[in-house]
Amino acid sequence: MLTRRNYSVKEMLGWTRRYIYIFVILSLIPVILYSVFKWYWLHLPWLPIGLVGTALAFIISFKNNASYGRLWEARKIWGGIVNASRSFAIMVNDFITNEHAKDHYSEDELFKIKKQLIMRHVTWMTSLRHALRTPKPWELSSKNKSDKEYMEGIQINERKFTLAAELDGYVTEDDKQFILSKNNKQTACINLQSKQLRKLKESGHIWEFSFLEMEQMMVEFFTLQGKAERIKNFPYPRQFATLNRFFIWIFVALLPFGMMHEFDKIGNIVLELVETWKPYPEGGFHHVIEFIGNHFVWFTIPFSIVISWIFHTMERIGE
Amino acid sequence: MLTRRNYSVKEMLGWTRRYIYIFVILSLIPVILYSVFKWYWLHLPWLPIGLVGTALAFIISFKNNASYGRLWEARKIWGGIVNASRSFAIMVNDFITNEHAKDHYSEDELFKIKKQLIMRHVTWMTSLRHALRTPKPWELSSKNKSDKEYMEGIQINERKFTLAAELDGYVTEDDKQFILSKNNKQTACINLQSKQLRKLKESGHIWEFSFLEMEQMMVEFFTLQGKAERIKNFPYPRQFATLNRFFIWIFVALLPFGMMHEFDKIGNIVLELVETWKPYPEGGFHHVIEFIGNHFVWFTIPFSIVISWIFHTMERIGE
Amino acid sequence: MLTRRNYSVKEMLGWTRRYIYIFVILSLIPVILYSVFKWYWLHLPWLPIGLVGTALAFIISFKNNASYGRLWEARKIWGGIVNASRSFAIMVNDFITNEHAKDHYSEDELFKIKKQLIMRHVTWMTSLRHALRTPKPWELSSKNKSDKEYMEGIQINERKFTLAAELDGYVTEDDKQFILSKNNKQTACINLQSKQLRKLKESGHIWEFSFLEMEQMMVEFFTLQGKAERIKNFPYPRQFATLNRFFIWIFVALLPFGMMHEFDKIGNIVLELVETWKPYPEGGFHHVIEFIGNHFVWFTIPFSIVISWIFHTMERIGE
Amino acid sequence: MLTRRNYSVKEMLGWTRRYIYIFVILSLIPVILYSVFKWYWLHLPWLPIGLVGTALAFIISFKNNASYGRLWEARKIWGGIVNASRSFAIMVNDFITNEHAKDHYSEDELFKIKKQLIMRHVTWMTSLRHALRTPKPWELSSKNKSDKEYMEGIQINERKFTLAAELDGYVTEDDKQFILSKNNKQTACINLQSKQLRKLKESGHIWEFSFLEMEQMMVEFFTLQGKAERIKNFPYPRQFATLNRFFIWIFVALLPFGMMHEFDKIGNIVLELVETWKPYPEGGFHHVIEFIGNHFVWFTIPFSIVISWIFHTMERIGE
Amino acid sequence: MLTRRNYSVKEMLGWTRRYIYIFVILSLIPVILYSVFKWYWLHLPWLPIGLVGTALAFIISFKNNASYGRLWEARKIWGGIVNASRSFAIMVNDFITNEHAKDHYSEDELFKIKKQLIMRHVTWMTSLRHALRTPKPWELSSKNKSDKEYMEGIQINERKFTLAAELDGYVTEDDKQFILSKNNKQTACINLQSKQLRKLKESGHIWEFSFLEMEQMMVEFFTLQGKAERIKNFPYPRQFATLNRFFIWIFVALLPFGMMHEFDKIGNIVLELVETWKPYPEGGFHHVIEFIGNHFVWFTIPFSIVISWIFHTMERIGE
């Protein structure tokens, strides 16, 4: 899920390099069998293959659409966290006052409390970030060679620093131990926030109704966190994804069989044309065309690679 | 609705095994009639069949899209229950206090009450889980042989333990009897929760406005429960599903009739080519190609199976 | 909108019987003209017809998708009413107390009030159910013969009992007269509920803030009722529906013209094949094939019916 | 956006009459050139035209889907206004009381105030209705001849009466002057409502918390009004609409060129058939078929019109 | 994203002028090679190209749909800001009163405060507007020549005046310095608003519960601002966009190769026809048709340009 840059043609070809090798092999083998070994019966009718291609184009379009939907939703969640954090900040600033308090705090004390809440909020975001970077079995990019290579160029903070290291200085040692001891560290952060808010309410530094609003904000954070975890833990259903991949490879494998004969026919037409010209150019140029006509079936290879590449890349891009 | 694992090709073939047998039979019969009994008139024009195939590809894509939408919604509901439960937990923790209470409870007493609420919440989730596992008439996977076989490998807790057994230790005996006596056990749980919250409010251990918030949470649980029940009780409309299946089988049955002649033509072309080569390879190799040419129509079978399999699996996967 | 059962092939054929007769006629006429009267010029190129078919497949898919969306939304509204009713029930149970009341009511009096509110809520649901069953001009199923026949087998309570009869015993006679005198009976019910809630608030049996929550619930009921009425009163836009139907019939009518010639060609090929075999089977069997070849164009009829049926049923199912 | 009636075939043909004339001309010209002037080179390969047709079918389907989405949303907004108005009505009825008031009003005075609020609400709806009827530059139906003709049959109240005339009797003269003096008259209405609610709150006739609820309702009205204005002011993006139209006309213009040759070929086949029959029917009937064969290319015209009409109407209907 | 005007055909051609030149070159080169240099082997089978075209039509339709979705969402956000601003205005008007105040302010003082809040709200909108106009790397319209030319005709206020200049007179000098010193100027505005609201609450000029409502409005503004920033910062995923563009160019480049031979065949048919007529028109007219027949392949160019233009414009329009 890379969304920040424009891709150049070169990059795309580089990224899909390994697949292009496979397409070359998949189209080379039948052409060699056909052309060199003269297995002229290696031939499938094009129309059913075309139908499979059309069906695949649909399925992939729908899949990419769903994939885009997920990306967009992920972006929304992230945006939601930003918005909610800003709102939380003004609440911390303007809801924590001495107005209803039993013991008046000094400005400094209030500032320290506010800072503590904001810092712990940052801790929540850090924990969430780390949780979302844990590799999952279905994330192919950590296994797949082409992606691995690509990923190496990108620095991921979450894999360089441990959570414990990043928390230093943001929360007290006690809080840190508590958070790290829990399984779901993000939830622990919010629980701590809620506890402190409750104490502030009890001491009167947060008005009881403001407290309810701020608890609502905690609920909102849980919701956003839950949504982010859901996106992370629920990939595009595996059975769809596996089948799409499988269908694509069937299609790619059938493709040259459907086209070789077409190209061969074109070659024959060229040869016939050349023969009817006979009188015309007597030079070596004539032999070149004859040669092309005889080996026209080899053009199946680049053409088949281009189409395979389009379909395969279309499928891969939405992963 | 299996979402946790990658499928291997072998698994997929295993899962669809029974259907593949049918495809074999459906394509074998016309080919035998055509090739052995020489019913050369068994032939349908390909283009209308192709049109039906295109139309099917659409319908199935839309269906799978709707199916994915349902899956995603189900996941959202489940995520919603997780989020709401976490929010409920911080409310139980921080809203139940002695602050406004008439009789102060000891920390232990408060803890016991909190635990009771949380435990009853777990009971609600357990009841809901059991309710969602009840088999429904339109759920084919419990009748269909291929799915049954597959399902046997998966252990479902809800079918091993009864609800009554699972509730032990979570709620008091009274509550348990009350819950089990009701038809909709989940609703009974929430009703009990609401009753206890009301008592806590009346004794002042929940501030009246916090009580309103917590009742809102009950409303939220009802909403989530209702959504889960809805997903369960409202499958993809049966009339669409039945027709799609029916269309697929019509398509699969017509497929070999549209392709046999095409393959036969290819065979004839191969034979012609062989004849024009005559002088060329005199060895046994020549007879092989002649043999292939004469029986080329038999290639209809694997090709037709592959296409049938693609369309059928596409349709089945979204069920 | 039938969602409860699986359809068998027989049922589907039964349901679409009348249309199948029309398809038979529509394909029989051109074939007779072609084959018996030898109007061999009755022939249209297939490809443009195929294009129309592809376009139709799209439009119908989108329509069915929208149709499914409406069905799903209807189900959501119904689910919403269930959820809101359950929430209303716990509110009635736990918000109506003597806590803030000026005059304490006995448990019995409270129970009577609670029952009255719940009963009136049932009345609201009954009125809504009746309102949603009123036939509308665009609902074809009450006019269309095939559907009528089908519908006769289904008992609809709302058409057996009048609303007045169903209300008996649920509300007081006064309320009943008031409700029945209004145009929009559902709205009248909610107005009555709100009036009683207000009285309970004024006498202190509902705390003022709980009253606000319960009024919010009334707003929710209005919303759900409005949504249900909207789904009822706003069918899939008529102009789309009419055109789709019209396009389908154009397509069905053109279909045999595009296929007759194709089938005739196949017949000729069969005849040629038979002639080249001459020496081979001398028996009566030979004549059978010759007969089939000569009348192959008649196969247009079943094939055209199957395709017409697929497209037409696809269109009808989403209605 | 007509949603109330069923269209008959006649109406549809009447409505699209003018376009049908254009289709006749667009297909007549090439056929005359081809058939009469013998410009046999007026011929384009069908397959690329078919591809354009398929692409158009997609684009139009998506557009119609979006169009249906807008229609549905418009209906939702309208339904939302109905629901909110009903809710506002019960609030006016049950929130305005003497309970917290400093000066008790008589029942009559309260009724007068309530009526004033409801009447002003009606004024808001009237103003909104008028605002939504103002013609916009991109609304083709006021310029396009076919639509104009059609529209004449429909009476639009908003174009018969001015807003000033319709407001008489609903609001006081002062309010009326204030509303009419503003640009956005709907907003002015709500501002007036809010002012009166505030006064009622200050005099204690609305409890302060009920006032907050009612202000929330004003916010809701602003939201609904804003949504209605948005749907009105933001048509389907013009660049999409213009291009779709343009693509359709390109397609319609290319259509006969792609089909003429096909029909001519069919004609030739018919002629050949007639010749091989020679001995057979010697009557005048023979000449009829020969005549049809020779002029078969003229069948391009109706066929091309039908397809043009389908594609064009499909595009227009979603406008 | 231009939504305000109708496009004329001329404008569209003008806008896509530069691309049309490329299409001319891309189709001219192969035709010259084929026709002048007699490279008759420059020929690809049409059907696979058609399949690519169909697949592209899907992908582009989906992309345009997503693009329309974004446009619509952007419009919704803008509408949301309008609605929220109106609601904020009535709140400022009717929530800021002397009712609960410790020190009564004069009407003038209250008006000044209200004006200050409204003015600062305008400042927020101005800052947001400026933020949304900052050019981003993936916004092609600032780099692409065709778009640049087009854009020159449109005056963008945000690029003529700096934010500092526009703020003059709306906020106090202190506020202005504070806002301009921040990175995210919009957020700074809301923070200032919240601070003043808090002061007004503390001095009692806003009732504490009204204050909570107004803070909710601040949260709403943050949400809308965040949504607008999200739409701005998250374009249609770059990998999809780049690939679509790339696929289109592959398709456009392959197009003439697939069609040249078809047109050449048509030319040959024309020539044959002319020969069979021989006796018929002996004038110069005959030579014209012969000439057309011989050079029919050149018609590939306009036809290929039209199809390229349709596909390319379809893709560009959704950008």
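At roughly what angle do the axes of helix α13 (residues 300-317) of chain A and helix α3 (residues 46-95) of chain E cross? Select both helices and look: the axes cross at roughly 20° and come within 11 Å. That is under 35 degrees, so α13(A) and α3(E) count as roughly parallel. The crossing of α13(A) with α3(E) is left-handed. Bear in mind as you go that this is a predicted model.

**Stop 1: what sits between those two helices**

Show side chains on α13(A) for A:F303, A:I307, A:I310, A:F311 and A:M314. Their partners on α3(E) are E:P48, E:I49, E:L51, E:V52, E:A55 and E:I59. Colour this contact by residue class and you get 11 nonpolar, no polar and no charged residues.

**Stop 2: a helix pair from chains C and D**

Next, pick helix α10 (residues 208-233) in chain C and helix α10 (residues 208-233) in chain D. Their axes come within 10 Å, crossing at roughly 20°, which makes α10(C) roughly parallel to α10(D). As for handedness, α10(C) and α10(D) cross in the right-handed sense.

Now bring up the residues that touch. From α10(C), take C:F209, C:L212 and C:Q216; from α10(D), take D:F209, D:S210 and D:E213. The contact of α10(C) with α10(D) has three nonpolar, two polar and one charged residue.

**Stop 3: inside chain A**

Hide the other chains for a moment and select helix α4 (residues 107-133) of chain A along with helix α9 (residues 185-202) of chain A. The axes of α4(A) and α9(A) come within 8 Å and cross at roughly 165°. That is over 145 degrees, so α4(A) and α9(A) are roughly antiparallel. Their crossing is left-handed.

On α4(A), the contact residues include A:I113, A:L117, A:R120, A:W124 and A:L128. On α9(A), look for A:K185, A:C189, A:I190, A:L197 and A:L200, among others. By class, the contact of α4(A) with α9(A) comes to 10 nonpolar, seven polar and two charged residues.

Stay on α9(A) and zoom in on A:E202 and A:R198. A:E202 and A:R198 form a salt bridge, with their closest N and O atoms 3.1 Å apart. Why are they about one helical turn apart? Because A:E202 and A:R198 are four residues apart in α9(A). If you'd like to go looking for others, the count over all chains is 51 salt bridges.

**Stop 4**

Finish by colouring the interface residues of chains A and B. Only 8% of those in chain A are also interface residues in chain B, so the copies meet through different surfaces.

Note on methods: Residues are numbered from 1 along each chain as its sequence is written. Chains are lettered from A and ligands numbered from 1 in the order in which they are written. This is a predicted model: local features need pLDDT of at least 70, side-chain atom pairs count only at pLDDT 80 or more; totals for chains, interfaces and linings use all residues. Side-chain values use heavy atoms; hydrogens and water are left out. Contact means heavy atoms within 4.5 Å. Axes are lines fitted to C-alpha atoms, for helices over the stretch in contact, and angles run from 0 to 180 degrees between N-to-C directions. Angles under 35 degrees count as roughly parallel, over 145 as roughly antiparallel, 65 to 115 as roughly perpendicular and the rest as oblique. A crossing is left-handed if the near helix is turned anticlockwise from the far one by less than a right angle, and right-handed if clockwise. Ala, Val, Leu, Ile, Met, Phe, Trp, Tyr, Cys and Pro count as nonpolar, Asp, Glu, Lys and Arg as charged, and the others, Gly among them, as polar. A salt bridge is a side-chain nitrogen of Lys or Arg within 4 Å of a carboxyl oxygen of Asp or Glu.
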